[in-house]
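Reader: I'd like to learn how to read a fold from its parts. Could you walk me through one, feature by feature?

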Amino acid sequence: MRFRSRNLKSFASLSAFVLSFMMLPTVALAGEADVVNATATPTGGDTWRVEATVRHADEGWDHYANAFEVLDPQGKVLAVRELLHPHVNEQPFTRSLGGVAIPPETAFIMIRAKDSVHEYGGAEFRIDLPAQ
């Protein structure tokens, strides 16, 4: 009987563990928004066009990638591209942002994305800029 009792306790513990994961909200499954690729193209003067490819397990209006930012080496936000709707069936997706003013002495920029639940924290992407 002792063996059977121990097995039942183990089964009950395992069942509770599995059920606890099944009951987690789906929001936790989507994770953070990652920038998986990006480019920067000079468009004249100190302005650039930045394209970012973002991957996020968008789940609809409650949890989706809703912006990407262009940052200088010190972390100052140079520009923001708002993403106005979920991209549930388009992953990863690429969007651009024109007219980004980047000072000529800037060696590189960082691109980061945010989502409507976690905000920031996913993978960022570094773009080294040519010396001007």
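Author: Start with burial: of the 132 residues of the protein chain, 32% count as buried. Keep in mind that this is a predicted model. The accessible surface comes to about 8200 Å², and 57% of that belongs to carbon and sulfur atoms.

Reader: What share of the contacts with a separation of 6 or more comes from residues 24 or more positions apart?

Author: In this chain, 59% of those contacts.

Reader: And how many helices and strands are there?

Author: The chain has two helices and seven strands. Along the sequence the pattern reads α-α-β-β-β-β-β-β-β.

Reader: How do I read the sheets, then?

Author: Here's the general idea: strands of a sheet pair through backbone hydrogen bonds, either parallel or antiparallel. Now the case here.

Reader: What about the strands S4, S3, S6 and S7?

Author: Those four form an open sheet in the order S4-S3-S6-S7, with antiparallel pairing. Its edge strands are strand S4 (77–82) and S7, each pairing on one side only. The twist averages 20° from one strand to the next here.

Reader: How many bridges hold each pair of neighbours in that sheet?

Author: S3 and S4 are antiparallel over five bridges, and glutamate 69 stands opposite valine 80 in S4. S3 and S6 pair in the antiparallel sense over six bridges, with valine 70 opposite isoleucine 111 in S6. S6 and S7 also run antiparallel, joined by four bridges; isoleucine 109 has isoleucine 127 as its bridge partner in S7.

Reader: Why is S6 described as largely enclosed?

Author: Seven of the eight residues of S6 are buried, so the rest of the structure largely encloses that strand.

Reader: Can we zoom in on single residues? Is asparagine 66 buried or exposed?

Author: The cut-off you need is that buried means under 20% relative accessible area. Asparagine 66 is at 12%, so asparagine 66 counts as buried. You'll find asparagine 66 in strand S3 (residues 65–71). Leaving out residues up to four places away in sequence, asparagine 66 touches Arg81, Glu82, Leu83, Lys114, Asp115 and Ser116.

Reader: Where does glycine 122 lie, and what does it touch?

Author: Glycine 122 is in the loop between strand S6 (108–115) and strand S7 (125–128). With a relative accessibility of 19%, glycine 122 counts as buried. Not counting residues up to four places away in sequence, glycine 122 touches Glu32, Ala33 and Asp34. Compare sequence with space, too: glycine 122 and valine 35 are 87 residues apart in sequence, yet their C-alpha atoms are 7.5 Å apart.

Reader: Now the aromatics. How do I describe a ring pair?

Author: A pair of aromatic rings is described by the distance of the centres and the angle of the planes. The count here comes to one aromatic pair. The rings of tryptophan 61 and tyrosine 64 have centres 5.7 Å apart and planes at 80°, so the pair is edge-to-face.

Reader: Last one: which charged groups sit over rings?

Author: Look at two arginines. Arginine 112 lies over the face of tyrosine 120, 3.8 Å from the ring centre. Arginine 126 has its charged end over the ring of phenylalanine 108, at 3.7 Å from the centre.

Key. Residues are numbered from 1 along each chain as its sequence is written. This is a predicted model: local features need pLDDT of at least 70, side-chain atom pairs count only at pLDDT 80 or more; totals for chains, interfaces and linings use all residues. Side-chain values use heavy atoms; hydrogens and water are left out. Rings of Phe, Tyr and Trp (its six-membered ring) pair if their centres lie within 6.5 Å; planes under 30 degrees apart count as stacked, over 60 as edge-to-face and the rest as tilted. A charge sits over a ring if NZ of Lys or CZ of Arg is within 6 Å of the ring centre and within 35 degrees of the ring normal. Buried means under 20% relative accessible area, exposed over 50%, partly exposed in between (1.4 Å probe, protein chains only). Contact means heavy atoms within 4.5 Å. Two strands pair if DSSP finds at least two bridges between them. Axes are lines fitted to C-alpha atoms, for helices over the stretch in contact, and angles run from 0 to 180 degrees between N-to-C directions. Accessible areas come from the Shrake-Rupley method with a 1.4 Å probe; for residues, only the protein chains shown count as cover.
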